[in-house]
Amino acid sequence: KEIVAKSSSGGIFSAVADLILKKGGVVFGAVYSKDRHSVIFGSTDEFDLDEIRRSKYTESFVGNTFSEIKNILKTGRQVLFCGSPCQVAGLKRYLEKDYDNLLTCDFACGGFPSHRVFDNYLTELEKKYGSKTKSVNFRTKKFGWGRHGISITFENGKEYLSPAETDPYFRSFIYTHLINRENCFD
């Protein structure tokens, strides 16, 4: 119950990730940068699984993740890569061959907003709350399972909490698609 409550969509990612980790493998997925203003890819060699778990509704930077994965795969270690469908396709194209020790996981994707929009959104909230961002949860369960909501906590202990339909970032992304990148629809 605890893992399901911490997860965005029921916990299947955690179950698969735990299996890979028990076999000595490594899990790659999206994590927030230290300042929480951008999303990067990280692995369980560097980050706790809790940081990879949960949806991050913004463009994420792959960086040199694909080359890291290729090097790990060559050692025979198992790898789970969780990303958007286009990121999974990009990884497979980069690798140029199939690996028996690679498991990929993607999700139903409606496109991503730009990282710049997300950065500006958090910057404005930090001004309003007078503190730097400590954590972001786009799928808080504080409104129940059937209603999307966002919870942002700040270093000064304050919290921003909003249902998705009234939050400007979430609404512009999920409901009106005003801030989604055009290439996601091509």
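In this predicted model, three strands make up an open sheet with the order β6-β7-β8, and their pairing is antiparallel. The edges of this sheet are taken by β6 and by β8 (159-163), each of which has a single partner strand, so one side of each is left without a neighbour in the sheet. From one strand to the next, the twist averages 10 degrees. Strand β7, which covers residues 149-154, pairs with β8 in the antiparallel sense over five bridges, and Gly-149 has Pro-163 in β8 as its bridge partner. Helix α6 (residues 115-129) lies across β6, β7 and β8, and runs at about 55 degrees to β7.

There is also an open sheet of five strands, with the order β3-β2-β1-β4-β5 and with mixed pairing. Its edge strands are β3 (60-61) and β5 (102-105), each of which pairs on one side only. Strand β2 (residues 39-43) pairs with β3 in the parallel sense over two bridges, and here Ile-40 stands opposite Phe-61 in β3. Helix α2, formed by residues 12-22, lies across β1 (26-32), β4 (79-82) and β5, and its direction is at about 135 degrees to β1.

| Helix | Strands it lies across | Angle |
|---|---|---|
| α2 (residues 12-22) | β1, β4 and β5 | about 135 degrees to β1 |
| α6 (residues 115-129) | β6, β7 and β8 | about 55 degrees to β7 |

Strand β6 belongs to the sheet with the order β6-β7-β8, and it also gives the most to the lining of the second largest pocket, with three residues. This pocket has a volume of about 180 Å³, and its lining consists of Tyr-32, Arg-36, Asp-50, Glu-51, Arg-53, Arg-54, Lys-56, Ser-135, Val-136 and Asn-137. Both α3 (49-52) and β6 (133-137) supply at least two residues of that lining. Sorted by class, the lining holds six charged residues, together with two polar and two nonpolar ones.

Charged side chains also meet elsewhere in the model, where a search of the whole structure finds six salt bridges.

Key. Residues numbered from 1 in each chain as written. Predicted model: local features only at pLDDT ≥ 70, side-chain atom pairs only at ≥ 80, totals over all residues. Heavy atoms only, no water. Pairing = 2+ DSSP bridges. Helix = DSSP H or I, 4+ residues; strand = E, 2+ residues; numbered from the N terminus. Contact = heavy atoms within 4.5 Å. Axes fitted to C-alpha atoms, helices over the stretch in contact; angles between N-to-C directions. 1 Å grid on protein atoms, 1.4 Å probe; cavity = no way out; pocket = protein on both sides within 12 Å on 5 of 7 lines; lining within 4 Å. Points joined across faces, edges and corners; volume = space filled by probe spheres on them. Nonpolar A, V, L, I, M, F, W, Y, C, P; charged D, E, K, R; others polar. Salt bridge = Lys/Arg side-chain N within 4 Å of Asp/Glu carboxyl O.
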